[in-house]
Structures are given as structure tokens and as C-alpha cells.
Amino acid sequence: MEAMTTWRGSCHCGAVRFEADGELEGLEYCNCSYCARAGFLHWYVAPARFRLLSGDAALEDYQFGTRSSHNRFCRTCGVTPFRRPRSDPDKVDVNVRCLEGVDPEALPRRTFVGIHWEQAILDR
Ligand SMILES: [Zn+2]
């Protein structure tokens, strides 16, 4: 069995801490009204490869539009370290910018044209 990399991540104040296993592949930028503002760099991880270590009680759930995504942000620092996305509701959508030891700008990513969501999910 192939050994997987384990990444550690957190919100800014450190109340929310998590780990995720796997390679940083299939990353996406999304230009929807939410992600453009948040600067989210998406990495979709199976729930079995994600562990919330602390901070469940610190997380609020922001929803908008179709209310099909859950954008969980820290109530102290406001950062969204992960979310449950409309595009991949069976995955945890980790914000690569919240991982330790990662240069997000050095990683290949594609753009998800979230401003035209229905077409973008077909084109993916
Ligand atoms: Zn925080």
C-alpha cells in the first residue's frame, strides 16, 4: 500500500485544527462570488482521509444561494479552513492556503468557472 502524505492545517487563531491525507492534486480555483472573495484554493478529500482535531464548537456555518454548500468558518478569526462544497458534497473541501508547509502558488490548479456553475460542473 502506498504511503500517503499527511498535511496539517488550521484556521488563523488555531482554534480549528485538522489533518488530511493524500497528494495535493486536482486543485481548483473557483471564480464564484464566494470563492473570489475568500481566495479559497480547493482540495477535495474523502471524509475518511480528513480528521478534525479540534475546534468543532468554534465553527459557524455560512450558507448562501442554493444553500447547498456549507462554509464553516472560525467564529474567532473568520477563516474558513474547509467546507462542504456544492460540487462535491461527498468530499471535504480543504483550503490549501490553511495547510502548513505549502506554497499554494507553486501548485498546479485548474479554474472552476463558478460564476457559471451549472455549465462548469458539466465541463469539469
Ligand atoms: Zn480561528
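**Exercise 1. Classify the geometry at the zinc ion from the angles that its four donor atoms subtend.**

Solution. Start with the angles: the four donor atoms subtend 105 to 122° around the zinc ion, so the arrangement is tetrahedral. The criterion for four donors is that all angles lie between 85 and 135 degrees. Next, name the ligands. Cys11, Cys13, Cys74 and Cys77 each coordinate through SG, at 2.3 to 2.4 Å. Donors here are N, O and S atoms within 2.8 Å of the metal (3.2 Å for Na, K and Ca); water is not among the atoms, so sites may look incomplete. Finally, read the spacing along the chain: C-x1-C-x60-C-x2-C.

The model is predicted: local features need pLDDT of at least 70, side-chain atom pairs count only at pLDDT 80 or more, and totals for chains, interfaces and linings use all residues. Residues are numbered from 1 along each chain as its sequence is written, and side-chain values use heavy atoms, with hydrogens and water left out.

**Exercise 2. Decide for Cys74 and for Cys77: buried or partly exposed?**

Solution. Set the cut-offs: buried is under 20% relative accessible area, exposed is over 50%, and partly exposed lies in between (1.4 Å probe, protein chains only). Cysteine 74 has 1%, so this residue is buried. Cysteine 77 has 26%, so this one is partly exposed.

**Exercise 3. Work out the strand order of the seven-stranded sheet and find its edges.**

Solution. Strands (E, at least two residues) and helices (H or I, at least four) are DSSP runs, numbered from the N terminus. Two strands pair if DSSP finds at least two bridges between them. The order is E6-E7-E8-E9-E4-E3-E10, in an open sheet with mixed pairing. E6 (59-62) and E10 (110-112) each have a single partner strand, so one side of each lacks a neighbour in the sheet. Neighbouring strands are turned by 35° against each other on average, direction ignored. These angles come from axes, lines fitted to C-alpha atoms (for helices over the stretch in contact), and run from 0 to 180 degrees between N-to-C directions.

Now tie the sheet to the metal site. E6 pairs with E7 (residues 70-74) in the antiparallel sense, over four bridges. Leucine 59 has cysteine 74 in E7 as its bridge partner.

**Exercise 4. Describe how strand E4 is covered and how it is paired.**

Solution. E4 spans residues 41-45, and five of its five residues are buried. Take the faces in turn. Leu41, Trp43 and Val45 are on one side, His42 and Tyr44 on the other, and all are buried. E4 pairs antiparallel with E3 over two bridges; there, tyrosine 29 stands opposite leucine 41. Four bridges join E4 to E9 (residues 92-95), again antiparallel. Valine 45 has valine 92 as its bridge partner in E9.

**Exercise 5. Trace the surroundings of glutamate 28: what does its side chain meet?**

Solution. Glutamate 28 sits in E3 (residues 28-30). Its relative accessibility is 2%, so glutamate 28 counts as buried. Its side chain makes a polar contact with the side chain of arginine 110, at 2.8 Å. Such a contact is a pair of N or O atoms within 3.5 Å; within protein, one must be able to donate a hydrogen and the other to accept it, and residues adjacent in sequence count only if both atoms are side-chain atoms. Beyond neighbours within four places in sequence, glutamate 28 is in contact (heavy atoms within 4.5 Å) with residues including Phe40, Leu41, Tyr44, Phe112 and Arg124.

Note on methods
Four donors count as tetrahedral if all angles lie between 85 and 135 degrees; four count as square planar and six as octahedral if opposite donors are over 155 degrees apart and all others between 65 and 115; anything else is irregular.
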